[in-house]
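Here is a report on a two-chain model. Start by looking over the sequence and the fold.

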Amino acid sequence: MSLIAPPASANRTGAPQTLLDTSLRVETPEGIDLLLRPAGLVPRALAFSIDLAIRGAILLMLYIALGLLGELGAGLGAILLFLVTWWYMVLFEVLNQGRSPGKMLLGLRVIHDDGTPVGWAASLTRNLLRFVDMLPFGYTLGILSCLNNPAFKRLGDMAAGTLVVYRDLPAVTCELPQEAAEPSPIALSRDEQRAIIAFAERQSSLSSARREELANILAGPLGIPAEQAVTRLNGIARGLLT
Amino acid sequence: MKQAAFEKRHQASWQRFARQLTALERGKLSGKDCQSFASDYRLICQQQALAEARGYSNQLIERLQQLTLRGHQQFYRHRSHLGARLIAFLLGGFPQLVRSQWRFVLAAALCFYGGLLLMGLLVYLVPELVYSVMDPAQVQSMESMYDPDASRLGRFAERGSSEDWAMFGYYIMNNIGIAFQTFASGLLFGLGSLFFLMFNGLLIGAVAGHLSQIGYGETFWSFVVGHGAFELNAIVLAGAAGLQLGWALLAPGRHTRSEALRLAAQLAIRLLCGAALFLLIAAFVEAYWSSMTYTGAAVKYAVGAGLWLLVLAYLGFAGRGAHAPD
C-alpha cells in the first residue's frame with residue numbers, strides 16, 4: 001500500500017518517471033504531481049455487482065408499490081425503470097463525488113483523466129457505452145479492454161476520458177522506534193536518507209528476521225557491526241528527522 | 001529544516017485544511033467559509049513540493065499528497081452554469097452541431113430512410129414480404145392497433161384515455177432505449193449503428209407498407225405523421241452520433257485511436273442528448289395528440305406537415321444568425 005517515491009536520479013536526468021506499481025502521475029498547475037491509483041478488474045467488478053443488486057432491489061420494490069397504483073403506476077413505472085437502468089450510475093457519479101453506492105463500499109471513485117471530478121458529459125458517455133462493454137455477453141469486451149489497458153480502462157472509459165481510482169485512505173501514522181539519535185557515519189544522498197527513514201517507519205510491519213536481513217545489507221557500506229545494524233539504523237533515522 | 005520541526009510548525013494548518021476539505025466534500029460549506037481555501041491549497045502544494053525536495057519521510061509526503069489530491073478535487077471542476085448552457089444548446093448549439101456533422105447525419109439518414117422506403121415499397125407491392133421481418137403474431141397485433149373501427153389508436157389502443165400516462169412512460173422507455181443502443185453500438189466500428197438504423201428502418205417500412213396495402217393507411221399515417229417528425233429524426237441523429245464514434249476508430253487522422261475516440265465522443269454525446277430531447281417531445285406528442293381520434297385525418301396531416309417543417313427548419317436554420325448564442 002505504500003507509495004514508493006520514484007528514484008530521484010530520474011529527476012536529474014529528466015527521464016520520464018516510471019513507477020514499479022500502476023500509479024499514475026498527473027501534474028497540476030501548482031507544479032506538484034498528483035498520484036492516482038487506478039482500480040483493477042476485481043474491485044470494479046465487485047462494485048458493479050453491488051450496484052446491480054441494489055438496482056434489482058429498487059426495481060422489485062417499485063414493481064410491488066406501483067402495482068397497487070394501477071394504470072398511472074404503469075406509466076410511472078416505465079419512467080422509473082428507464083431512470084434506474086440508464087441514469088442510476090450517472091446521477092450517483094456526478095452528484096456524489098464520483099461514487100455510486102457500490103464504488104463507495106469498495107472505496108473507489110470515478111474521475112477525469114486530469115484528476116478532476118467526473119462531469120455530466122463524461123459520466124453519461126462512459127455509462128451509455130457500458131452497453132458495448134457488455135457485448136457479446138457478460139462484459140467480455142469490457143474485461144478484455146480493462147485487462148489490456150495500463151490504467152484498467154474499459155471502452156467507455158477510453159471514450160469518455162475517465163478513470164476509476166482508489167479513494168485516498170486516511171493516513172496511518174506509526175511512531176519511530178525509540179532509539180537515541182545519532183549522526184550517520186558517512187554522508188548520505190537524498191535517496192539513501194529516504195530509504196533509511198522508510199526502513200525505520202515500516203519496521204512494525206516486518207518480522208524481526210526480515211528486519212535484520214534488510215539492515216545487514218547496509219551494515220557493510222555504513223561500516224557498523226552487523227548485530228547492531230537495526231538499532232543503529234533506527235538511531236540514524238531519528239537523527240535525520242529530529 | 002529537520003522534518004520534526006517542519007511538521008510541528010505546519011501541523012495545525014494541515015489539520016484545519018483537512019477539516020475544511022471534509023466539510024466541502026459533504027457539501028456543507030458556503031462561499032464565505034471558503035475564502036482562504038485557494039491560498040491554503042497553494043500553500044500545501046508548496047509544502048508538499050518542499051517536503052519531496054528535502055527528502056522527508058514517505059509518511060509525511062503521502063499525507064500531504066492526500067491533502068493536495070482532495071484539495072485539487074474540490075478546486076478544479078469541469079463545470080459551468082448548466083441552465084444557461086442548456087438554453088444556448090437548444091437555441092443554437094444543437095442545430096449547429098447537427099449541421100457541422102452533416103456527413104454522419106446524411107449517412108445515417110440514407111441508411112434509415114432508404115431502408116424504410118425500400119421495404120415499404122416492396123411490402124406494398126409484394127405483401128408476403130412483411131413476414132420476412134415480422135412474425136404473424138406481431139403483424140396481427142399491428143393490424144388490431146390501427147383498425148379503422150377502433151376509437152383510440154396506437155399501442156395500448158384497446159384501453160381508455162386515462163392511460164395516456166402509461167403510454168407516455170412506455171414511449172420514453174422504449175424509444176430512448178433504442179436511441180441509446182443505436183448510439184452505443186457505434187463503438188463497434190460503426191457497424192452496430194448501421195445495423196440498428198437499417199433494422200429499425202426495415203421494420204417501420206414493413207409495417208407502413210403492410211398497413212397501407214390492407215387499407216388501414218389512413219389511420220396509420222394520420223397517427224404517425226405528427227410524432228414521426230421528432231421520433232424518426234431522433235433515431236437518425238442517434239445513429240449519426242454512433243457512426244461518429246465508429247469513424248473515429250476507423251480513421252483517427254493525426255491522433256491516436258483512443259485520443260480520436262475521446263474527442264469524437266465529446267461531440268457525439270451532445271448530439272445524442274439532442275436526440276433524447278427530440279424523443280421526449282415525440283413521446284408527449286404521441287401520447288397526448290396522435291392518439292386522439294376526434295380530430296379528422298386532414299387536421300392530423302396538416303399538423304404533422306407543420307411539425308416536419310418545424311423540425312427541418314430548426315435543424316437547418318436555427319443558430320445561423322450573426323449573434324448566435326455561444
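Leaving aside its neighbours within four places in sequence, which residues is B:Ala275 in contact with? They are B:Ala179, B:Ala234, B:Leu237 and B:Ala238. The model is predicted, and every value below is computed from it.

**The nonpolar cores**

B:Ala275 also has a place in the largest nonpolar core, a set of 101 residues. The members that touch the most other members are B:Ala108, B:Ala179, B:Ala234, B:Leu237, B:Ala275 and B:Leu279. Helix α9(B) gives the most to this core: 17 residues. There is a second, separate core of 12 residues. Among its members are A:Ile196, A:Ile197, A:Ala229 and A:Ile236.

**Chain B: overall build**

Chain B has 11 helices and 0 strands. Read along the sequence, the pattern is α-α-α-α-α-α-α-α-α-α-α. Of its 326 residues, 43% count as buried. Take the contacts in chain B between residues at least 6 apart in sequence: 79% of them join residues at least 24 apart.

**Helix packing around α9(B)**

Two packed helices are described by the angle between their axes and the distance between the axes. Helix α9 of chain B spans residues 217–250, and helix α8 of chain B spans residues 191–213. Their axes are 9 Å apart, at an angle of about 170 degrees. Angles over 145 degrees count as roughly antiparallel, so α8(B) and α9(B) are roughly antiparallel to each other.

Which residues of α8(B) meet α9(B)? They are B:Gly192, B:Ser193, B:Phe196, B:Leu197, B:Asn200, B:Ala208, B:Leu211 and B:Ser212. On the α9(B) side, the partners are B:Gly217, B:Phe220, B:Ile235, B:Gly239, B:Gly242, B:Leu243 and B:Gly246. By class, the residues of this contact of α8(B) with α9(B) are 7 nonpolar, 8 polar and no charged.

Next comes the pairing of α9(B) with α10(B). Their axes come within 8 Å and cross at roughly 170 degrees. The angle therefore makes α9(B) roughly antiparallel to α10(B). The residues of the contact of α9(B) with α10(B) divide into 25 nonpolar, 6 polar and 3 charged.

B:Leu310 sits in helix α11 of chain B, residues 297–317. Is B:Leu310 buried or exposed? B:Leu310 counts as exposed, because it has 12 C-beta neighbours inside 10 Å. Its C-alpha atom is separated by 8.8 Å from that of B:Ala229, 81 residues apart along the chain.

**Where the chains meet**

How many residues of chain B are in contact with chain A? There are 50, and they touch 49 residues of chain A. Several helices of chain B each supply at least two residues of this side: α1 (3–25), α2 (37–53), α3 (58–75), α7 (164–184) and α10 (257–290). By class, the side of chain B that touches chain A has 22 nonpolar, 18 polar and 10 charged residues.

**Chain A: local features**

Helix α5 of chain A, residues 120–128, is mostly covered, with 7 of its 9 residues buried. The buried residues in α5(A) are A:Ala122, A:Ser123, A:Leu124, A:Thr125, A:Arg126, A:Asn127 and A:Leu128.

Most residues other than glycine have a negative phi. A:Tyr139 has a positive phi of about 65 degrees. A:Tyr139 lies in the loop between α6 (130–133) and α7 (140–148) of chain A. A:Tyr139 is partly exposed, with 17 other C-beta atoms within 10 Å.

A:Phe152 has a phi near 55 degrees, again positive in a residue other than glycine. Where does A:Phe152 lie? It is in the loop between α7 and α8 (155–160) of chain A. A:Phe152 is buried, because 20 other C-beta atoms lie within 10 Å.

Technical notes. Residues numbered from 1 in each chain as written. Chains lettered and ligands numbered in written order. Predicted model: local features only at pLDDT ≥ 70, side-chain atom pairs only at ≥ 80, totals over all residues. Axes fitted to C-alpha atoms, helices over the stretch in contact; angles between N-to-C directions. Helix = DSSP H or I, 4+ residues; strand = E, 2+ residues; numbered from the N terminus. Parallel < 35°, antiparallel > 145°, perpendicular 65-115°, else oblique. Contact = placed C-beta atoms within 7 Å. Nonpolar A, V, L, I, M, F, W, Y, C, P; charged D, E, K, R; others polar. Core = buried A, V, L, I, M, F, W, Y, C linked by C-beta atoms within 7 Å.
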